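Please read them with the structure open.

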Amino acid sequence: MSDSLPSAPDEGVPVSVKIRERLNQAGRPFFANDNIAEFIEPGELEALLDEVQAKMQGVLDSLVIDTANDHNTQDTARRVAKMYISEVFRGRYGRAPEVTEFPNAARLNELLIVGPITVRSACSHHFCPVIGKLWVGVMPNEHTNVIGLSKYARMTDWIMGRPQIQEEAIVQLADLIMDKTRPDGLAVVMEASHFCMSWRGVREMDSKMVNSVMRGAFLTDATLRREFLSLIPGRD
């Protein structure tokens, strides 16, 4: 008779499977541009990094790269895993930044423009970089929450740090800013270069994508919309 203790029910189960099961049980989607931080338990992010490293090593092996003897790629699997989990896709795995909101004590009601804010994202089709900038226009009212200018950059970094397409990313960002500030109007314009078009495919180096989201007063007031667009600095 063995004296060994029985194995835990989930021993040997990959951490990604555990996280996926929690998401499924909660009925929550886990698309590429979804944040799943609340379903990751303490210590699991490091385990997820180890799992991604192991699978990335398999990709390198299938690419017939001799990582055992090639000094340039010996640690590539780990570096790529850390890049995805801790850097370029951290908007999926990290919780939302703290955004302190203040009442509009001065009753500000004039157009505010923030930007350009740097965009660093990745295309969910090929995982190629999407690099650019965006501008945010806010038309406050007396009930609008006032937030620090740096918080716009932090919210942008959190939303853009996921694999996605530009058209959806800018809507997610607009939704977040609207929720935090509650203005009369919100405008977001984004301009970005897509490496999935310049680095591969048609290899067109000079093309950029520009799109916008207009909410509230910016959608209904053409004069306000023109004022915002005319005041965006630095656009070629």
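1. Which element gives the most to the lining of the second largest pocket? Helix α3 does, with four residues. Bear in mind throughout that this is a predicted model. Strands β2 (112-123) and β3 (129-139) also supply at least two lining residues each, as α3 does.

2. The second largest pocket holds about 300 Å³ of space. Its lining counts 17 residues. Nearest the centre lie V88, F89, S121, A122 and P129. By class, the lining splits into ten nonpolar, three polar and four charged residues.

3. Now the largest pocket. Its space comes to about 550 Å³. Twenty residues line it, and L48, V52, I85, R92 and Y93 are the closest to its centre. Two or more lining residues come from each of α1 (15-26), α2 (44-62), α3 (76-88) and α4 (90-93). Helix α2 has the largest share, six residues. The lining has 15 nonpolar residues, four charged and one polar.

4. Next, the sheet. Five strands make up an open sheet with mixed pairing, in the order β5-β2-β3-β6-β7. Which strands stand at the edges? They are β5 (163-164) and β7 (209-216). Each has a single partner strand, so one side of each lacks a neighbour in the sheet.

5. Two helices to check against the sheet. Helix α6 (residues 166-181) packs on it and touches β3, β5, β6 and β7. The direction of α6 makes about 30° with that of β7. Helix α9 (residues 222-231) lies across β2, β3, β6 and β7. Relative to β3, α9 runs at about 135°.

6. With β6 (residues 185-194), β3 pairs in the antiparallel sense over ten bridges. V136 stands opposite V188 of β6. With β2, β3 is again antiparallel, over nine bridges. There, I117 has L134 in β3 as its bridge partner.

7. Look also at the hairpin of β2 and β3. Five residues lie between the two strands. One of interest is F127, which takes a positive phi near 60°.

8. In which sense do β2 and β5 pair, parallel or antiparallel? The pairing is parallel, over two bridges. P163 in β5 is the bridge partner of A122. A122 was listed above among the residues nearest the centre of the second largest pocket.

9. The largest cavity has a volume of about 30 Å³. The residues lining this cavity are S121, A122, C123, V130, M160, Q164, I165, Q166, A169 and M190.

10. Where does the cavity lining come from? Strand β2 and helix α6 each supply at least two residues. The largest share, three residues, comes from β2. Seven of the lining residues are nonpolar and three are polar, with no charged residue. The lining of the second largest pocket, by contrast, includes four charged residues.

Definitions and conventions: Residues are numbered from 1 along each chain as its sequence is written. This is a predicted model: local features need pLDDT of at least 70, side-chain atom pairs count only at pLDDT 80 or more; totals for chains, interfaces and linings use all residues. Side-chain values use heavy atoms; hydrogens and water are left out. On a 1 Å grid over the protein atoms alone, a cavity is a set of points where a 1.4 Å probe fits but cannot get out, and a pocket is an open set with protein on both sides within 12 Å along at least five of seven lines; lining residues have an atom within 4 Å of a point. Grid points are joined across faces, edges and corners, and a volume is the space filled by probe spheres set on the points. Ala, Val, Leu, Ile, Met, Phe, Trp, Tyr, Cys and Pro count as nonpolar, Asp, Glu, Lys and Arg as charged, and the others, Gly among them, as polar. Two strands pair if DSSP finds at least two bridges between them. Contact means heavy atoms within 4.5 Å. Axes are lines fitted to C-alpha atoms, for helices over the stretch in contact, and angles run from 0 to 180 degrees between N-to-C directions.
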